[in-house]
Amino acid sequence: MEIVLAVLVGLLFAAALYLMLRRSIVKLIIGLGFLGHAANLLIFTAGGLNRSAPLVSLQTNAVPEGSADPVPQALILTAIVIGFAVSAFAIVLVKRTAAVAGTDDVDALRTSELPEGGSAEGEKL
């Protein structure tokens with residue numbers, strides 16, 4: 001199972017890099033999402049898959065041998081929440097930028113000037 005997940009992590013990283021190198025800002029945001037999912041899956045796989053739950057017994061007051069480490073799971077849960085918030089902010093920012101500039105092409109957004117006839121004040125989405 002670890003081999004399948006390692007290949008999946010590699011494919012997600014490759015797809016993320018491919019999408020991030022495209023000219024469209026929307027593809028950049030999707031690539032960043034893929035990158036976050038690949039990193040989360042990598043941490044999850046490195047934490048171990050075939051292990052028991054880290055439950056402390058009342059008799060020994062210790063975690064049994066061979067149990068899963070809860071730290072990678074907590075890190076992944078936090079990363080999912082933060083990644084969702086950053087993605088939502090980026091989507092809104094890209095939508096507003098595309099509405100003002102009239103394009104989502106990264107090369108066309110290099111200038112700080114507005115397109116002819118456009119104004120940043122008073123535009124509705």
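Five residues, Leu5, Val9, Leu12, Ala38 and Leu41, form the largest nonpolar core of this predicted model. Two helices, α1 (2–20) and α2, each contribute at least two residues to this core. The largest share, three residues, is supplied by α1.

With neighbours within four places in sequence set aside, leucine 41 is in contact with Leu5, Leu8, Val9 and Leu12. Leu41 is also listed among the buried residues of α2.

**Overall layout**

The chain contains three helices and zero strands, and its elements run α-α-α from the N terminus on. Of the 125 residues in the chain, 18% are buried. The chain exposes about 9,200 Å², and 68% of that area comes from carbon and sulfur atoms. Among contacts with a separation of 6 or more, 53% are between residues 24 or more positions apart.

The mean pLDDT of the chain is 84, and 88% of the residues reach 70 or more. Confidence is highest in α1, at a mean of 94, and lowest in α3, at 90. Where pLDDT is low, the predicted coordinates should not be read in detail.

**Helix α2**

Helix α2 has 22 residues and covers 32 Å from its first C-alpha to its last, close to the 32 Å expected at 1.5 Å a residue. The buried residues of α2 are Ile25, Ile29, Gly31, Ala38, Asn40, Leu41 and Thr45. These buried residues pack against α1 and α3 (70–101). After α2 comes glycine 48, which has a positive phi, near 105 degrees.

Asparagine 40 is a polar residue to look at within this helix, which spans residues 25–46. Is asparagine 40 buried or exposed? Asparagine 40 counts as buried because its relative accessibility is 11%, below the 20% cut-off. Leaving out neighbours within four places in sequence, asparagine 40 is in contact with Ile76, Ala79 and Ile80.

Serine 24 belongs to the loop between α1 and α2. At 16% relative accessibility, also under the 20% limit, serine 24 therefore counts as buried. At the start of α2, a side-chain oxygen of serine 24 comes to within 3.3 Å of the backbone nitrogen of valine 26.

Which residues does serine 24 touch, not counting those up to four places away in sequence? They are Asp104 and Val106. With aspartate 104, the side chain of serine 24 makes a polar contact to the side chain, at 2.8 Å. Serine 24 and aspartate 107 are 83 residues apart in sequence, while their C-alpha atoms are 8.9 Å apart in space.

| Partner of serine 24 | Atoms compared | Distance |
|---|---|---|
| Aspartate 104 | side chain to side chain | 2.8 Å |

**Summary of the contacts**

Leucine 41 has Leu5, Leu8, Val9 and Leu12 among its contacts, whereas asparagine 40 has Ile76, Ala79 and Ile80. Both residues are among the buried residues of α2, which pack against α1 and α3. Serine 24, in the loop between α1 and α2, touches Asp104 and Val106.

Conventions: Residues are numbered from 1 along each chain as its sequence is written. This is a predicted model: local features need pLDDT of at least 70, side-chain atom pairs count only at pLDDT 80 or more; totals for chains, interfaces and linings use all residues. Side-chain values use heavy atoms; hydrogens and water are left out. Helices (H or I, at least four residues) and strands (E, at least two) are DSSP runs, numbered from the N terminus. Buried means under 20% relative accessible area, exposed over 50%, partly exposed in between (1.4 Å probe, protein chains only). Contact means heavy atoms within 4.5 Å. A nonpolar core is a set of buried Ala, Val, Leu, Ile, Met, Phe, Trp, Tyr and Cys residues joined through side-chain atoms within 4.5 Å. The expected span of a helix is 1.5 Å times one less than its number of residues. A polar contact is a pair of N or O atoms within 3.5 Å; within protein, one must be able to donate a hydrogen and the other to accept it, and residues adjacent in sequence count only if both atoms are side-chain atoms. Accessible areas come from the Shrake-Rupley method with a 1.4 Å probe; for residues, only the protein chains shown count as cover. pLDDT is the predictor's confidence in each residue, from 0 to 100.
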